[in-house]
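Please keep the sequence and the 3D view at hand while reading.

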Amino acid sequence: MRRRLWLVKLRGLAKETNVAAIKLKNEAGRFGLGSFKALGGAYAISRLLLNQLNAGRETPVGLDFLLSDKGRALNSKVILCTATDGNHGRSVAWGAQMFGCNCVIFIHEHVSEGRENAIAAYGARVVRVAGNYDDSVREAKTTAAREGWTVISDTSYEGYRDIPLDVMAGYAVMVCEAIDQWGSANLPTHVFLQTGVGAMAAAVAVQLQEAYGDDCPKIILVDPINAACFYDSLKHGTPTVTLGGLETVMAGLACGEISDLAWDILYEGVDAVVAIDDDAAKNVMRVLAAGNTLDAPMVAGESGASGLAAFLALAHDDAARTALGITAESRLLFFSTEGATDPEIYQAIVGKAPQQIAEGA
Ligand SMILES: Cc1ncc(COP(=O)(O)O)c(C=O)c1O
């Protein structure tokens, strides 16, 4: 059976780490874009265009019109932009191309050439700006205001929440699939969620709370140590900016400023936050790629399995397990949010090309 978009049971890893179950939702196959982010940006574009086209119309048009020659001709007047550290920009560029819009994607100085090329392949103009991810967010915002473009951002800020909310609504698909595939027995007790600006974690938290109510699993956020904006914000009880280059191999998580929309959801709903280093992220990529007698080899990118990376880093630490309430009866849910979105970086870390892993070589 092909395991695209599946909730994969890792029986061997659960045995090795002395928990009852580990299940990992694999987003590597999402729409051929390699990450869950494909669900958000492109969906938000469709919502924006439909809202604009339907304003004042008696008979509203739908997605089929947006994709028609006539719809695409109208959409060609629209210029969209966003900042990204890779995956969100790919989703926006893909959506813009699909609907016939123009698209400009701002990347910061640490985004890899592989990720830049992957965005440009969807016809977007890619603009590299000095500084870190947060600088690229500001550049997208000011350029859009000056030029009359529309920002399709996954992060929200003062006065800008509607589009990021649509982006998060798109991510809900991933969570609903996981909930559905988990089933109604022996529900998860813990979920580990890697955070960039926090939109993914917030979308997951909302859906889990909605689905499970009082049985909602403990929610544990995972930050890279060098971009620990949720760790810092939760520690201070208020959104706190993490300064510096934010250098980490977990490119999708290299954010210093959290989304205020995500903060509103996560502030009260989170049980713990863990910060991990790059070695932990690389280790989980190699562990998943190697597989074991019970678990088939699996490809996860640098940011993809960082939730699982955090658990593996503390799995044999009794104090940390006790603090998080993890026992031999615990059932853990993770989201592998990307595959090898930069195959060269993947190969440098794992020592094999992603296709070799997928083919079981
Ligand atoms: C693969 C991957 N996982 C997780 C995240 C974190 O998502 P968010 O920025 O919504 O917290 C990102 C963000 O780009 C990502 O690319």
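How do the residues of the lining of the second largest pocket divide into nonpolar, polar and charged? They divide into six nonpolar, four polar and six charged. In this sorting, Ala, Val, Leu, Ile, Met, Phe, Trp, Tyr, Cys and Pro are nonpolar, Asp, Glu, Lys and Arg are charged, and the others, Gly among them, are polar.

## Basis

This is a predicted model: local features need pLDDT of at least 70, side-chain atom pairs count only at pLDDT 80 or more, and totals for chains, interfaces and linings use all residues. Residues are numbered from 1 along each chain as its sequence is written, and side-chain values use heavy atoms, with hydrogens and water left out.

## The second largest pocket

This pocket holds about 290 Å³ of space. Its lining has 16 residues, and Thr155, Ser156, Tyr157, Glu257 and Ile258 are the closest to its centre. Helix α7 (residues 133-147) supplies the largest share of the lining, five residues. Helices here are DSSP runs (H or I, at least four residues), numbered from the N terminus.

A pocket is an open set of points on a 1 Å grid over the protein atoms alone, with protein on both sides within 12 Å along at least five of seven lines; a cavity is a set where a 1.4 Å probe fits but cannot get out; lining residues have an atom within 4 Å of a point. Volume is the space filled by probe spheres set on the points, which are joined across faces, edges and corners.

## The largest cavity

The count comes to three cavities of 30 Å³ or more. The largest cavity has about 250 Å³ of space. Among its 23 lining residues, Phe36, Lys37, Gly196, Gly252 and Leu253 are the closest to its centre. Helices α5 (87-99) and α9 (199-212) each give at least two lining residues, and α9 gives the most, with three. By class, the lining has eight nonpolar, eleven polar and four charged residues.

## The ligand

The ligand takes up the space of the largest cavity (more than half of its atoms lie within 2 Å of the grid points). Around the ligand are 16 residues, each with a heavy atom within 4 Å. Asn87, Gly196, Gly198, Met200 and Thr337 come nearest. This shell has five nonpolar, eight polar and three charged residues.

A polar side-chain atom of Lys37 lies 3.4 Å from a ligand oxygen. Polar backbone atoms also take part: the distance is 3.0 Å for Val197 and 3.2 Å for Gly252. The protein covers 99% of the 390 Å² of accessible area that the ligand has on its own (Shrake-Rupley method, 1.4 Å probe).

Technical notes
Polar contact = N/O pair within 3.5 Å; in protein donor to acceptor, adjacent residues only side chain to side chain.
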